[in-house]
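Dear colleague,

Please find below the structure that I am handing over to you. My notes on what was found in it follow directly after.

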Amino acid sequence: MTADASIEIAGAGPAGLAAAITLARAGRRVIVHEAQAEVGHRFKRDLQGLENWSTREDALAVLQAQGIAAGFRQLPCRQGTVFDAWGRAYSIRSDAPLFYMVERGSGPDTLDTALLHQARGLGVEVRFNSRLRQTQGPAVFATGPKAADAIAVGYHFDTPMPDGFWAICDDDIAPKGYAYLLVMGGKGTVKSCMFSGFKQEAVYVERTVAAFRRLVGLEMINPRPHGGVGNFRIPTTALSGMHAVAGEQAGFQDTLWGFGMRAAITSGVLAAHSLITGDDYDRRWRQALQGTMTTAVVNRALYSLLGNRGYRRLLRYLEHRPDIRALLYRHYRPSHVKHLLAPLARWRFHSQRRDESCNHIGCSCVWCRHGRGQHA
Ligand SMILES: Cc1cc2nc3c(=O)[nH]c(=O)nc-3n(C[C@H](O)[C@H](O)[C@H](O)COP(=O)(O)OP(=O)(O)OC[C@H]3O[C@@H](n4cnc5c(N)ncnc54)[C@H](O)[C@@H]3O)c2cc1C
């Protein structure tokens, strides 16, 4: 690839914009195609957590080291409350932030807008309402999830509630997942994040809302329904032909709980570096992501065995830990035991995206069920 050839990126999500920023910082000409009319369209005003436990270094410091400016509003969250299925509250806390609450979508303070501004400031051209279907030259594909391995469904709303986070572990509310309530600056998100039982999503959402009303006095003003999917898989390769595939399109996610933003950004940065240096992208993402992703699959398999009594035992244990962040860091690290459990866990957890090899954009593979025009 010649240094002055422009590089096309499909998708202005965290993965695509992180790739664009990295390439532009290296002096490359970049065009980002975004199928929607704005950044973060599929999230609107969603509040999400930028997890701070998968690395020893602080998540914001890691972003900075990656060249990504944290110019978005963020709320450091050190302490919150998790309820079991019997309504008992467990307080969890950590010394450093467990996660940073951020807003997604196209608003002024969102993570997506901050990435967009940084990219544009570096000279990246972003074309909205532009769905990339085919490309001839160098490119990064970062078009988001292709199948639903988990869904998170609920509401966005305004609220007089104080900032904070609350969660519920109860399979009758969020099967094999968790329900959560996040509040920041008068805005709230309440969701049931479920890993099965999708057909009953409306029932679980209403149970989630009723439970948070009962347990913490949830107050929703002007509630708007919202939901989305997560796609988790460890790909055999994250190359589509010659092109790097980043973020959830490749399957890069946290299979345990769905905290995918950091893997999206990291993979976008790595995809860009591989274009700049000519390095093997597969080698790079395997070094950076495969260990924690495999551990997350094992953690998911173990978590899905717990059931309500198991969640209660887990919460009792967590409540007495002085520093949850340190504990989660250890549990996300590859270990000998988790390595041994990995084949069993992979057997238990099947990504809905069974087609492992086709990452194509607008592909014309006759055998591929992710073909032309199917991605929303
Ligand atoms: C409800 C919900 C809550 C979540 N909460 C959290 C959380 O708390 N913490 C966390 O870390 N993660 C969370 N996640 C996951 C996180 O949002 C994703 O992992 C992350 O956004 C993935 O980034 P991405 O860039 O890979 O994909 P996306 O953010 O999906 O971006 C892909 C972009 O590509 C565009 N696009 C698609 N096809 C084309 C095309 N052909 N051409 C051009 N553009 C195209 C799309 O419009 C989209 O804007 C949540 C997900 C959901 C659904």
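On the H1 side the contact is made by Pro14, Leu17, Ala18, Ala20, Ile21 and Ala24, and on the H3 side by Leu111, Leu115, Leu116, Gln118 and Ala119. Residues are in contact if their C-beta atoms, placed from the backbone, lie within 7 Å. By class, this contact has 10 nonpolar residues, one polar and no charged. Ala, Val, Leu, Ile, Met, Phe, Trp, Tyr, Cys and Pro count as nonpolar, Asp, Glu, Lys and Arg as charged, and the others, Gly among them, as polar.

Please note that this is a predicted model, in which local features need pLDDT of at least 70 and side-chain atom pairs count only at pLDDT 80 or more, while totals for chains, interfaces and linings use all residues. Residues are numbered from 1 along each chain as its sequence is written. Helices (H or I, at least four residues) and strands (E, at least two) are DSSP runs, numbered from the N terminus.

Two further helix pairs deserve mention. The axes of H5 and H6 come within 9 Å and cross at roughly 150°; the two helices are therefore roughly antiparallel to each other. Their crossing is right-handed. The residues in this contact include Leu270 and His273 of H5 and Trp285 and Leu289 of H6. By class, the contact of H5 with H6 has seven nonpolar, four polar and one charged residues.

Helix H6 (residues 281-319) also packs with helix H8 (residues 336-348), at an angle of about 65° and with axes 8 Å apart. That makes H6 roughly perpendicular to H8. The crossing of H6 and H8 is left-handed. Among the residues that make the contact are Val297 and Ala301 of H6 and Leu341 and Arg348 of H8. Seven nonpolar, two polar and three charged residues take part in the contact of H6 with H8.

As for the domains, the protein is divided into domain 1 (7-77 + 99-147 + 232-306 + 339-348) and domain 2 (150-230), with bounds that come from an automatic or database domain assignment. Their C-alpha centres lie 24 Å apart. In all, 16 residues of domain 1 are in contact with 16 residues of domain 2. Strand E4 (74-77) and strand E7 (99-103) each give two or more residues to the side of domain 1 that touches domain 2. That side has seven nonpolar, four polar and five charged residues.

The ligand is surrounded by 38 residues, the closest being Gly13, Gly144, Gly228, Gly247 and Gly260; a residue is counted if its C-beta atom, placed from the backbone, lies within 6 Å. Helix H1 (14-25), strand E3 (47-51), strand E14 (221-230) and helix H5 (261-277) each give two or more residues to the shell. E3 gives the most, with four residues. By class, the shell has 14 nonpolar, 18 polar and six charged residues.

With kind regards

Technical notes. Contact = placed C-beta atoms within 7 Å. Axes fitted to C-alpha atoms, helices over the stretch in contact; angles between N-to-C directions. Parallel < 35°, antiparallel > 145°, perpendicular 65-115°, else oblique. Left-handed = near helix turned anticlockwise from the far one by under 90°.
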